[in-house]
Amino acid sequence: MKLLLFFGFVAVALAEVTRFEGDKVFRLKPSLDVHVTLIKDLAKSTELDFWSPESEDLVTIDIDVDIHVPARYLDIVYTTLEQGGIAHEILIDDFQSAVDGQADSGASPRAHSYTKYNTWSEIEAWTNNIASSNPSLVSKQVIGKTYEGRSMILLKVGKSSTSPKPAIFMDCGIHAREWISPAFCQWFVNEAVTTYGSDSAMTSLLNSIDVYVLPVFNIDGYVYTHTSNRMWRKTRSRNSGSSCIGTDPNRNFDAGWCTIGASSNPCSDTFCGSTPESEIEAKNVANFIRNNKSTIKAYLTVHSYSQLLLFPYSYTYNLAADHSELLKVAEGARAALTSLYGTRYTSGPGAATIYPAAGGSDDWAYDLGIKYSYTFELRDTGYYGFLLPESQIKPTCEETMLAVKYIAAHVQKNLY
(Lines give C-alpha, C1' and ligand atoms only; values in the text may rest on other atoms or scores of the structure.)
Protein backbone atom coordinates (compact mmCIF):
# COMPACT_ATOMS: atom_id res chain seq x y z
CA MET A 1 0.00 0.00 0.00
CA LYS A 2 2.79 2.41 0.92
CA LEU A 3 4.52 1.58 -2.34
CA LEU A 4 1.32 2.33 -4.29
CA LEU A 5 0.95 5.62 -2.45
CA PHE A 6 4.57 6.48 -3.23
CA PHE A 7 4.09 5.84 -6.92
CA GLY A 8 0.85 7.85 -6.82
CA PHE A 9 2.74 10.83 -5.39
CA VAL A 10 5.49 10.43 -7.96
CA ALA A 11 2.90 10.39 -10.76
CA VAL A 12 1.35 13.60 -9.44
CA ALA A 13 4.78 15.20 -9.12
CA LEU A 14 5.62 14.25 -12.69
CA ALA A 15 2.30 15.50 -14.12
CA GLU A 16 3.31 18.31 -16.39
CA VAL A 17 1.97 21.74 -15.49
CA THR A 18 1.50 23.85 -18.61
CA ARG A 19 3.60 27.01 -18.55
CA PHE A 20 2.87 30.08 -20.64
CA GLU A 21 6.19 31.93 -20.83
CA GLY A 22 6.26 34.28 -23.78
CA ASP A 23 2.57 33.77 -24.64
CA LYS A 24 0.41 36.83 -25.35
CA VAL A 25 -3.27 37.68 -25.70
CA PHE A 26 -4.20 39.72 -28.77
CA ARG A 27 -7.37 41.58 -29.63
CA LEU A 28 -7.89 41.53 -33.38
CA LYS A 29 -10.30 43.87 -35.15
CA PRO A 30 -11.25 42.34 -38.50
CA SER A 31 -12.98 44.92 -40.71
CA LEU A 32 -12.95 43.11 -44.07
CA ASP A 33 -13.99 39.63 -45.21
CA VAL A 34 -10.36 38.95 -46.13
CA HIS A 35 -9.39 39.59 -42.49
CA VAL A 36 -11.88 36.95 -41.34
CA THR A 37 -10.43 34.48 -43.86
CA LEU A 38 -6.87 35.20 -42.71
CA ILE A 39 -7.82 34.63 -39.04
CA LYS A 40 -9.54 31.34 -39.88
CA ASP A 41 -6.53 30.22 -41.95
CA LEU A 42 -4.24 31.16 -39.08
CA ALA A 43 -6.33 29.00 -36.73
CA LYS A 44 -5.91 26.02 -39.06
CA SER A 45 -2.12 26.34 -39.30
CA THR A 46 -1.41 27.06 -35.61
CA GLU A 47 -2.81 26.19 -32.18
CA LEU A 48 -4.54 29.41 -31.18
CA ASP A 49 -6.73 29.55 -28.07
CA PHE A 50 -9.84 31.55 -28.92
CA TRP A 51 -11.18 33.46 -25.92
CA SER A 52 -13.86 35.52 -27.61
CA PRO A 53 -15.59 34.36 -29.71
CA GLU A 54 -15.05 30.78 -28.59
CA SER A 55 -13.86 29.41 -31.93
CA GLU A 56 -12.61 30.61 -35.28
CA ASP A 57 -15.91 29.53 -36.88
CA LEU A 58 -17.67 32.38 -35.05
CA VAL A 59 -15.31 35.13 -36.27
CA THR A 60 -17.05 37.81 -38.35
CA ILE A 61 -16.17 41.34 -39.40
CA ASP A 62 -16.57 44.18 -36.91
CA ILE A 63 -16.34 42.06 -33.76
CA ASP A 64 -13.37 42.01 -31.41
CA VAL A 65 -11.50 38.71 -31.56
CA ASP A 66 -9.49 37.85 -28.44
CA ILE A 67 -6.91 35.10 -28.93
CA HIS A 68 -4.28 33.62 -26.64
CA VAL A 69 -1.20 33.00 -28.79
CA PRO A 70 1.49 30.53 -27.63
CA ALA A 71 5.02 31.98 -27.89
CA ARG A 72 6.02 29.60 -30.70
CA TYR A 73 3.38 31.09 -33.01
CA LEU A 74 4.04 34.77 -32.36
CA ASP A 75 6.15 35.30 -35.48
CA ILE A 76 3.56 33.86 -37.85
CA VAL A 77 0.74 35.77 -36.11
CA TYR A 78 2.62 39.09 -36.29
CA THR A 79 3.48 38.49 -39.95
CA THR A 80 -0.12 37.63 -40.85
CA LEU A 81 -1.54 40.65 -39.02
CA GLU A 82 0.96 43.06 -40.60
CA GLN A 83 0.67 41.71 -44.15
CA GLY A 84 -3.13 41.45 -43.93
CA GLY A 85 -3.52 44.91 -42.45
CA ILE A 86 -5.57 43.60 -39.50
CA ALA A 87 -5.87 46.15 -36.69
CA HIS A 88 -4.88 44.68 -33.35
CA GLU A 89 -3.72 45.39 -29.84
CA ILE A 90 -2.07 43.30 -27.13
CA LEU A 91 -4.29 42.75 -24.07
CA ILE A 92 -1.89 40.57 -22.06
CA ASP A 93 1.79 40.97 -22.88
CA ASP A 94 3.20 38.49 -20.34
CA PHE A 95 0.76 35.62 -20.01
CA GLN A 96 2.59 33.63 -17.33
CA SER A 97 2.83 36.74 -15.14
CA ALA A 98 -0.93 37.23 -15.53
CA VAL A 99 -1.52 33.60 -14.46
CA ASP A 100 0.79 34.06 -11.47
CA GLY A 101 -0.77 37.43 -10.69
CA GLN A 102 -4.31 36.15 -10.23
CA ALA A 103 -3.65 35.24 -6.61
CA ASP A 104 -3.34 38.78 -5.30
CA SER A 105 -5.92 38.65 -2.50
CA GLY A 106 -3.50 37.88 0.32
CA ALA A 107 -5.92 35.23 1.63
CA SER A 108 -4.51 32.14 3.33
CA PRO A 109 -3.55 29.60 0.66
CA ARG A 110 -4.65 26.71 2.86
CA ALA A 111 -8.12 27.84 3.94
CA HIS A 112 -11.37 28.51 2.10
CA SER A 113 -11.97 32.18 1.45
CA TYR A 114 -14.71 34.07 -0.38
CA THR A 115 -12.12 36.42 -1.87
CA LYS A 116 -9.81 33.84 -3.43
CA TYR A 117 -10.09 31.16 -6.07
CA ASN A 118 -10.58 28.01 -4.03
CA THR A 119 -9.57 24.54 -5.16
CA TRP A 120 -12.24 21.87 -5.55
CA SER A 121 -11.17 20.15 -2.32
CA GLU A 122 -11.60 23.46 -0.49
CA ILE A 123 -15.01 24.00 -2.09
CA GLU A 124 -16.09 20.45 -1.26
CA ALA A 125 -15.12 20.92 2.39
CA TRP A 126 -16.92 24.28 2.38
CA THR A 127 -20.18 22.66 1.19
CA ASN A 128 -20.07 20.33 4.20
CA ASN A 129 -19.33 23.19 6.55
CA ILE A 130 -21.96 25.65 5.26
CA ALA A 131 -24.66 22.97 5.31
CA SER A 132 -23.83 21.71 8.80
CA SER A 133 -23.54 25.28 10.17
CA ASN A 134 -26.91 26.37 8.74
CA PRO A 135 -29.20 23.32 8.99
CA SER A 136 -32.44 25.33 8.80
CA LEU A 137 -31.34 27.12 5.61
CA VAL A 138 -28.93 24.86 3.69
CA SER A 139 -29.04 21.19 2.76
CA LYS A 140 -26.84 19.29 0.35
CA GLN A 141 -27.27 16.36 -1.97
CA VAL A 142 -25.21 14.57 -4.60
CA ILE A 143 -26.89 14.58 -8.02
CA GLY A 144 -24.41 12.15 -9.57
CA LYS A 145 -20.74 11.57 -10.24
CA THR A 146 -18.47 13.23 -12.79
CA TYR A 147 -16.62 11.31 -15.51
CA GLU A 148 -13.62 10.98 -13.15
CA GLY A 149 -15.82 9.94 -10.23
CA ARG A 150 -16.16 13.15 -8.21
CA SER A 151 -19.44 13.89 -6.45
CA MET A 152 -21.54 16.66 -8.00
CA ILE A 153 -22.71 18.47 -4.89
CA LEU A 154 -25.88 20.56 -5.03
CA LEU A 155 -26.84 22.91 -2.22
CA LYS A 156 -30.46 23.80 -1.54
CA VAL A 157 -30.70 27.23 0.08
CA GLY A 158 -34.05 28.21 1.57
CA LYS A 159 -36.08 28.16 4.77
CA SER A 160 -36.99 24.58 5.63
CA SER A 161 -40.56 23.72 4.67
CA THR A 162 -42.79 20.68 4.91
CA SER A 163 -44.26 21.28 1.45
CA PRO A 164 -42.43 21.84 -1.86
CA LYS A 165 -41.58 25.46 -2.66
CA PRO A 166 -40.99 27.12 -6.03
CA ALA A 167 -37.28 27.07 -6.86
CA ILE A 168 -34.49 28.75 -8.78
CA PHE A 169 -31.62 26.64 -10.12
CA MET A 170 -28.18 28.25 -10.47
CA ASP A 171 -24.97 26.65 -11.68
CA CYS A 172 -21.41 27.92 -11.90
CA GLY A 173 -18.22 26.64 -13.50
CA ILE A 174 -19.63 24.90 -16.59
CA HIS A 175 -16.43 26.03 -18.35
CA ALA A 176 -13.41 25.04 -16.30
CA ARG A 177 -11.21 28.12 -16.77
CA GLU A 178 -13.90 30.66 -15.81
CA TRP A 179 -12.81 30.79 -12.16
CA ILE A 180 -14.81 33.89 -11.21
CA SER A 181 -17.96 31.84 -11.82
CA PRO A 182 -17.62 29.28 -8.97
CA ALA A 183 -16.44 32.16 -6.77
CA PHE A 184 -19.83 33.78 -7.30
CA CYS A 185 -21.83 30.66 -6.41
CA GLN A 186 -19.95 30.42 -3.12
CA TRP A 187 -20.45 34.13 -2.50
CA PHE A 188 -24.18 33.82 -3.16
CA VAL A 189 -24.67 31.02 -0.63
CA ASN A 190 -22.69 32.88 2.03
CA GLU A 191 -24.61 36.09 1.35
CA ALA A 192 -27.90 34.21 1.61
CA VAL A 193 -27.17 32.64 4.99
CA THR A 194 -25.48 35.71 6.53
CA THR A 195 -28.15 38.23 5.49
CA TYR A 196 -31.21 36.04 6.11
CA GLY A 197 -33.17 37.70 8.90
CA SER A 198 -31.56 41.14 8.42
CA ASP A 199 -32.03 41.78 4.68
CA SER A 200 -35.76 41.91 3.98
CA ALA A 201 -35.48 40.94 0.30
CA MET A 202 -33.28 37.92 1.00
CA THR A 203 -35.42 36.85 3.97
CA SER A 204 -38.61 37.08 1.90
CA LEU A 205 -36.96 35.20 -0.98
CA LEU A 206 -35.69 32.29 1.11
CA ASN A 207 -38.97 32.02 3.02
CA SER A 208 -40.93 31.52 -0.18
CA ILE A 209 -38.41 30.08 -2.69
CA ASP A 210 -35.61 27.52 -2.61
CA VAL A 211 -32.42 28.27 -4.54
CA TYR A 212 -30.54 25.22 -5.80
CA VAL A 213 -26.85 26.09 -6.20
CA LEU A 214 -24.37 23.88 -8.06
CA PRO A 215 -21.05 25.49 -7.02
CA VAL A 216 -19.02 23.76 -9.76
CA PHE A 217 -20.65 22.03 -12.74
CA ASN A 218 -17.50 20.87 -14.57
CA ILE A 219 -15.52 19.66 -11.54
CA ASP A 220 -13.02 17.48 -13.44
CA GLY A 221 -12.13 20.35 -15.75
CA TYR A 222 -11.91 22.78 -12.82
CA VAL A 223 -9.49 20.47 -10.97
CA TYR A 224 -7.43 20.19 -14.16
CA THR A 225 -7.14 24.00 -14.39
CA HIS A 226 -5.68 24.04 -10.88
CA THR A 227 -3.29 21.11 -11.37
CA SER A 228 -2.27 20.96 -15.03
CA ASN A 229 -3.50 23.58 -17.49
CA ARG A 230 -5.02 26.88 -16.32
CA MET A 231 -6.63 27.40 -19.74
CA TRP A 232 -8.59 24.13 -19.92
CA ARG A 233 -12.28 24.67 -20.82
CA LYS A 234 -14.01 21.34 -21.51
CA THR A 235 -14.85 18.23 -19.51
CA ARG A 236 -12.20 15.49 -19.15
CA SER A 237 -14.01 12.60 -20.83
CA ARG A 238 -12.36 10.41 -23.44
CA ASN A 239 -13.65 10.64 -27.00
CA SER A 240 -14.00 7.45 -29.02
CA GLY A 241 -11.68 7.41 -32.03
CA SER A 242 -9.79 10.55 -30.97
CA SER A 243 -6.83 11.32 -28.75
CA CYS A 244 -8.42 14.70 -27.92
CA ILE A 245 -10.01 14.93 -24.49
CA GLY A 246 -13.28 16.47 -23.41
CA THR A 247 -16.52 18.03 -24.61
CA ASP A 248 -17.85 21.56 -24.19
CA PRO A 249 -20.67 20.93 -21.67
CA ASN A 250 -22.42 24.10 -22.81
CA ARG A 251 -22.76 22.68 -26.33
CA ASN A 252 -23.94 19.31 -25.05
CA PHE A 253 -27.58 20.03 -24.20
CA ASP A 254 -30.48 19.05 -26.45
CA ALA A 255 -31.28 22.53 -27.76
CA GLY A 256 -30.56 22.79 -31.49
CA TRP A 257 -27.71 20.43 -30.64
CA CYS A 258 -24.61 20.80 -32.85
CA THR A 259 -26.40 22.80 -35.54
CA ILE A 260 -24.66 26.18 -35.23
CA GLY A 261 -21.79 27.68 -33.23
CA ALA A 262 -20.63 24.24 -32.09
CA SER A 263 -18.12 21.79 -33.50
CA SER A 264 -18.31 18.08 -34.30
CA ASN A 265 -14.50 17.91 -34.03
CA PRO A 266 -13.43 16.35 -30.68
CA CYS A 267 -10.29 18.51 -30.69
CA SER A 268 -12.31 21.74 -30.76
CA ASP A 269 -12.99 23.75 -27.61
CA THR A 270 -16.64 23.91 -28.71
CA PHE A 271 -17.01 20.15 -29.38
CA CYS A 272 -20.69 19.29 -28.96
CA GLY A 273 -20.08 15.70 -27.84
CA SER A 274 -21.11 12.45 -29.51
CA THR A 275 -24.81 12.92 -28.65
CA PRO A 276 -26.88 15.36 -26.56
CA GLU A 277 -26.08 14.74 -22.87
CA SER A 278 -23.17 12.46 -23.79
CA GLU A 279 -21.37 14.13 -20.88
CA ILE A 280 -22.37 12.61 -17.55
CA GLU A 281 -22.19 16.05 -15.92
CA ALA A 282 -24.73 17.50 -18.38
CA LYS A 283 -26.95 14.44 -17.98
CA ASN A 284 -26.87 14.67 -14.18
CA VAL A 285 -27.91 18.33 -14.25
CA ALA A 286 -30.55 17.75 -16.94
CA ASN A 287 -32.01 14.80 -15.02
CA PHE A 288 -32.25 16.81 -11.80
CA ILE A 289 -33.95 19.72 -13.55
CA ARG A 290 -36.32 17.40 -15.45
CA ASN A 291 -37.23 15.60 -12.21
CA ASN A 292 -37.95 18.93 -10.49
CA LYS A 293 -39.47 20.75 -13.45
CA SER A 294 -42.75 21.36 -11.66
CA THR A 295 -41.07 23.54 -9.01
CA ILE A 296 -38.10 25.13 -10.86
CA LYS A 297 -39.22 28.54 -12.17
CA ALA A 298 -35.86 30.08 -13.09
CA TYR A 299 -32.52 28.85 -14.38
CA LEU A 300 -29.38 30.97 -13.96
CA THR A 301 -26.00 29.90 -15.34
CA VAL A 302 -22.89 31.92 -14.52
CA HIS A 303 -19.98 32.28 -16.94
CA SER A 304 -17.19 34.74 -17.77
CA TYR A 305 -16.08 36.96 -19.40
CA SER A 306 -17.73 39.82 -21.40
CA GLN A 307 -20.14 41.57 -18.98
CA LEU A 308 -23.32 40.28 -20.58
CA LEU A 309 -26.73 39.19 -19.35
CA LEU A 310 -28.15 36.87 -22.01
CA PHE A 311 -31.38 34.94 -22.43
CA PRO A 312 -32.76 32.57 -25.11
CA TYR A 313 -32.20 31.98 -27.84
CA SER A 314 -28.62 31.23 -28.79
CA TYR A 315 -29.29 28.34 -31.20
CA THR A 316 -31.60 30.43 -33.38
CA TYR A 317 -32.15 34.09 -34.17
CA ASN A 318 -35.87 33.58 -33.54
CA LEU A 319 -37.13 35.46 -30.51
CA ALA A 320 -38.34 33.54 -27.48
CA ALA A 321 -42.10 33.54 -26.83
CA ASP A 322 -41.44 35.51 -23.62
CA HIS A 323 -38.88 37.84 -25.25
CA SER A 324 -40.34 41.15 -24.09
CA GLU A 325 -40.60 40.07 -20.45
CA LEU A 326 -37.17 38.43 -20.46
CA LEU A 327 -35.65 41.59 -21.93
CA LYS A 328 -37.42 43.86 -19.42
CA VAL A 329 -36.20 41.76 -16.47
CA ALA A 330 -32.67 41.61 -17.92
CA GLU A 331 -32.56 45.38 -18.30
CA GLY A 332 -33.76 45.88 -14.74
CA ALA A 333 -31.16 43.42 -13.44
CA ARG A 334 -28.48 45.13 -15.52
CA ALA A 335 -29.39 48.53 -14.07
CA ALA A 336 -29.25 47.10 -10.53
CA LEU A 337 -25.78 45.67 -11.20
CA THR A 338 -24.47 48.91 -12.70
CA SER A 339 -25.76 50.95 -9.75
CA LEU A 340 -22.99 49.73 -7.42
CA TYR A 341 -19.70 50.31 -9.26
CA GLY A 342 -20.82 51.59 -12.66
CA THR A 343 -19.89 48.32 -14.38
CA ARG A 344 -21.51 48.28 -17.81
CA TYR A 345 -23.31 45.18 -19.02
CA THR A 346 -25.09 44.45 -22.31
CA SER A 347 -28.29 42.41 -22.30
CA GLY A 348 -30.26 40.58 -24.98
CA PRO A 349 -30.86 37.20 -26.63
CA GLY A 350 -27.66 35.20 -27.05
CA ALA A 351 -27.51 34.73 -30.83
CA ALA A 352 -28.21 38.35 -31.67
CA THR A 353 -26.21 39.86 -28.79
CA ILE A 354 -22.97 37.92 -29.24
CA TYR A 355 -23.07 34.97 -31.65
CA PRO A 356 -25.10 31.85 -32.32
CA ALA A 357 -24.26 28.79 -30.22
CA ALA A 358 -26.31 25.59 -30.12
CA GLY A 359 -26.59 23.13 -27.26
CA GLY A 360 -26.56 25.63 -24.40
CA SER A 361 -28.06 24.87 -21.02
CA ASP A 362 -30.08 28.11 -20.91
CA ASP A 363 -31.88 27.42 -24.20
CA TRP A 364 -32.50 23.84 -23.12
CA ALA A 365 -33.99 24.93 -19.78
CA TYR A 366 -36.21 27.49 -21.50
CA ASP A 367 -37.49 24.95 -24.03
CA LEU A 368 -38.21 22.60 -21.13
CA GLY A 369 -40.62 25.22 -19.81
CA ILE A 370 -38.46 27.21 -17.37
CA LYS A 371 -39.38 30.72 -18.42
CA TYR A 372 -36.81 32.80 -16.57
CA SER A 373 -33.61 31.44 -18.08
CA TYR A 374 -30.52 33.65 -18.00
CA THR A 375 -26.79 33.44 -18.66
CA PHE A 376 -24.41 35.81 -16.89
CA GLU A 377 -21.02 36.57 -18.42
CA LEU A 378 -19.18 38.23 -15.52
CA ARG A 379 -16.22 40.64 -15.54
CA ASP A 380 -14.30 41.77 -17.39
CA THR A 381 -14.39 42.83 -21.06
CA GLY A 382 -10.99 41.36 -21.93
CA TYR A 383 -8.25 43.28 -20.15
CA TYR A 384 -7.76 40.27 -17.85
CA GLY A 385 -10.24 37.92 -19.56
CA PHE A 386 -10.23 34.55 -17.81
CA LEU A 387 -7.36 35.69 -15.56
CA LEU A 388 -9.39 38.13 -13.46
CA PRO A 389 -7.33 38.91 -10.31
CA GLU A 390 -8.64 37.83 -6.92
CA SER A 391 -8.88 41.49 -5.87
CA GLN A 392 -11.86 41.73 -8.26
CA ILE A 393 -13.80 38.81 -6.76
CA LYS A 394 -15.50 40.93 -4.08
CA PRO A 395 -16.72 43.80 -6.30
CA THR A 396 -17.73 41.38 -9.07
CA CYS A 397 -19.78 39.26 -6.66
CA GLU A 398 -21.29 42.26 -4.87
CA GLU A 399 -22.63 43.78 -8.08
CA THR A 400 -23.77 40.42 -9.49
CA MET A 401 -25.74 39.75 -6.28
CA LEU A 402 -27.84 42.83 -7.04
CA ALA A 403 -28.74 41.50 -10.48
CA VAL A 404 -29.52 38.00 -9.20
CA LYS A 405 -31.68 39.40 -6.40
CA TYR A 406 -33.52 41.55 -8.93
CA ILE A 407 -34.31 38.53 -11.12
CA ALA A 408 -35.26 36.45 -8.06
CA ALA A 409 -37.64 39.15 -6.80
CA HIS A 410 -39.34 39.24 -10.21
CA VAL A 411 -39.68 35.45 -10.22
CA GLN A 412 -41.10 35.56 -6.70
CA LYS A 413 -43.80 38.04 -7.78
CA ASN A 414 -44.54 36.31 -11.10
CA LEU A 415 -44.81 32.62 -10.34
CA TYR A 416 -46.45 30.57 -13.04
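Author: Buried means under 20% relative accessible area, exposed means over 50%, and partly exposed lies in between, with a 1.4 Å probe and protein chains only. Helices (H or I, at least four residues) and strands (E, at least two) are DSSP runs, numbered from the N terminus. This is a predicted model, in which local features need pLDDT of at least 70 and side-chain atom pairs count only at pLDDT 80 or more, while totals for chains, interfaces and linings use all residues. Residues are numbered from 1 along each chain as its sequence is written, and side-chain values use heavy atoms, with hydrogens and water left out.

Reader: How many residues of strand 7 are buried?

Author: Ala167, Phe169 and Asp171 point one way from strand 7, Ile168, Met170 and Cys172 point the other way, and all are buried. Strand 7 is accordingly described as mostly covered, and the count of its buried residues is 6 of 6.

Reader: Which residue of strand 9 is the bridge partner of Met170?

Author: Strand 7 (residues 167-172) runs parallel to strand 8 (residues 210-214), to which 5 bridges join it, and there Met170 has Val213 as its bridge partner, while Phe169 stands opposite Tyr212. Strand 7 also pairs with strand 9 in the parallel sense, over 6 bridges. In strand 9, the bridge partner of Met170 is Leu300.

Reader: Is Leu300 buried or exposed?

Author: Leu300 has its place in strand 9, and its contacts (heavy atoms within 4.5 Å), leaving aside neighbours within four places in sequence, are Ile168, Phe169, Met170, Asp171, Tyr374, Val404 and Ile407. From Phe169, Leu300 is 131 residues away in sequence and 6.2 Å away in space, C-alpha to C-alpha. Because its relative accessibility is 3%, Leu300 counts as buried.

Reader: Which residues touch the most other members of the largest nonpolar core?

Author: A nonpolar core is a set of buried Ala, Val, Leu, Ile, Met, Phe, Trp, Tyr and Cys residues joined through side-chain atoms within 4.5 Å. The largest such core has 82 residues, and its largest share, 9 residues, comes from helix 6 (residues 180-195). The members that touch the most others are Phe169, Phe184, Phe188, Tyr374 and Ile407.

Reader: At what angle do helix 10 and helix 13 pack?

Author: Among the residues that meet here are Val329 and Ala333 in helix 10 and Ile407 in helix 13. The residues of this contact divide into 11 nonpolar, 4 polar and 3 charged (Ala, Val, Leu, Ile, Met, Phe, Trp, Tyr, Cys and Pro count as nonpolar, Asp, Glu, Lys and Arg as charged, and the others, Gly among them, as polar). With their axes 8 Å apart, helix 10 (residues 323-341) and helix 13 (residues 393-413) pack at an angle of about 145 degrees.

Reader: Which residue is joined to Arg379 by a cis peptide bond?

Author: Most residues other than glycine have a negative phi, and most peptide bonds are trans. The bond from Pro312 to Tyr313 is cis, with omega near 15 degrees, and Tyr313 lies in the loop between strand 10 (308-311) and helix 10. A further cis bond, with omega about 0 degrees, involves a residue in the loop between strand 12 and helix 13. The residue joined to Arg379 is Asp380.

Reader: What is the relative accessible area of Glu277?

Author: Glu277 is found in the loop between helix 8 and helix 9 and has a positive phi of about 60 degrees although it is not a glycine. Glu277 is buried, and its relative accessible area is 8%.

Definitions and conventions
Two strands pair if DSSP finds at least two bridges between them. Axes are lines fitted to C-alpha atoms, for helices over the stretch in contact, and angles run from 0 to 180 degrees between N-to-C directions.
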